[in-house]
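Subject: Handover of a structure

Dear colleague,

Please find below the sequence and the structure that I am handing over to you. My notes on what was found follow directly after them.

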Amino acid sequence: MEEKVICTNRVANHEYFILDRIEAGIVLEGGEVKSLRQGNANLKDSFCVLYGGQIFIKNMHIALYDKSGAFNTKNSRRDRKLLLHKDEIIKLGAKITQKGLTLVPLKLYFKQALIKVELGVCQGKHTFDKKRSIMEKDIAREKEREIKNYR
């Protein structure tokens, strides 16, 4: 299947341990879809909440489409509803009520003609975990350099 990535949440891999990944649909307006086709979106600082038996994505920025009419929403950071089955929402609700777990959008992408969001059930990292992961990345990068120079 064809999958074209619109944007990714690069901060999430640094800030959280990603325990599980889920694909969800998202409710958008026409101008927002056209703006996403141009790649005007940002997942930084966005998160998901469970409210009234539904999951909403908060603080996700989709730039206003410049050619949209006067009746379209003028708020680029409005709450957007995620489309999931009821049993998936119940499972996610049980997971995120556990201590320290949260639901974070990781990736926004086109799947065929539909726009999908990849959600991650995440646990926050402590400062020493972040330092350790940076150190591991540096060691791996240094190994790759040594292997490249050895050839």
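**Salt bridges**

At a relative accessibility of 25%, K58 counts as partly exposed. Please keep in mind that this residue, like everything described here, belongs to a predicted model.

K58 takes part in a salt bridge with D79, and the closest N and O atoms of the two are 2.8 Å apart. K58 belongs to strand 5, whereas D79 sits in the loop between strand 6 (61-62) and strand 7, so the pair ties together parts that are 21 residues apart in sequence. D79 is partly exposed as well, with a relative accessible area of 37%.

How many salt bridges does a search of the whole structure find? The search finds eleven. One of them joins the side chains of K130 and E15, with 2.9 Å from N to O. This pair links distant parts of the chain, as K130 lies in helix 4 and E15 in helix 1, 115 residues apart. K130 has a relative accessible area of 19%; the cut-off for a buried residue is under 20%, and therefore K130 counts as buried. E15, at 29% relative accessibility, counts as partly exposed.

A further salt bridge is formed by the side chains of D129 and R132, at 3.5 Å from N to O. Both residues lie in helix 4, three residues apart, which is about one turn of the helix. In general, an α-helix has 3.6 residues a turn, so residues three or four places apart point the same way. D129 is buried, with a relative accessible area of 11%, while R132 is partly exposed at 44%.

Finally, E32, R78 and R80 are linked in a network of salt bridges.

In what order do the seven strands of the open sheet lie? The order is 1-8-9-2-7-5-4, and the pairing is antiparallel. Strand 1 (3-8) and strand 4 (47-51) are the edge strands, since each of them pairs on one side only. On average, neighbouring strands of this sheet are turned by 45 degrees against each other, direction ignored.

Two of the pairings may be followed in the model. Strand 2 and strand 9 (residues 114-124) pair in the antiparallel sense over nine bridges. Here F17 stands opposite Q123 in strand 9. Strand 4 and strand 5 also pair in the antiparallel sense, over five bridges. In this pairing, Y51 has Q54 of strand 5 as its bridge partner. The hairpin of strand 4 and strand 5 has two residues between the strands, and in this hairpin G52 takes a positive phi near 65 degrees.

**The helices**

Helix 2 (residues 30-37) lies across strand 1, strand 7 (80-83), strand 8 (101-111) and strand 9, and runs at about 75 degrees to strand 8. Which residues of helix 2 are buried? They are G31, E32, S35 and L36. These residues cover an arc of only 140 degrees around the axis, which puts them on the same side of helix 2. Among the elements that cover them are strand 1, strand 3 (41-42) and strand 6.

Just after helix 2, G39 takes a positive phi of about 85 degrees. N40 lies in the loop between helix 2 and strand 3, and at 30% relative accessibility N40 counts as partly exposed. Leaving aside residues up to four places away in sequence, N40 touches S35, H61, I62 and A63.

Helix 3 (residues 86-96) lies across strand 2, strand 4, strand 5 (54-58), strand 8 and strand 9, running at about 140 degrees to strand 8.

Helix 4 (residues 127-150) has 24 residues, which at 1.5 Å a residue should span 34 Å; the end C-alpha atoms are 35 Å apart, which agrees. The buried residues of helix 4 are D129, K130 and S133. What covers them includes helix 1 (10-15) and strand 2 (16-26).

Yours sincerely

Terms used
Residues numbered from 1 in each chain as written. Predicted model: local features only at pLDDT ≥ 70, side-chain atom pairs only at ≥ 80, totals over all residues. Heavy atoms only, no water. Helix = DSSP H or I, 4+ residues; strand = E, 2+ residues; numbered from the N terminus. Expected span 1.5 Å × (residues − 1). Buried < 20%, exposed > 50% of the residue type's maximum accessible area, 1.4 Å probe, protein only. Contact = heavy atoms within 4.5 Å. Pairing = 2+ DSSP bridges. Axes fitted to C-alpha atoms, helices over the stretch in contact; angles between N-to-C directions. Salt bridge = Lys/Arg side-chain N within 4 Å of Asp/Glu carboxyl O. Arc of directions from axis to C-beta.
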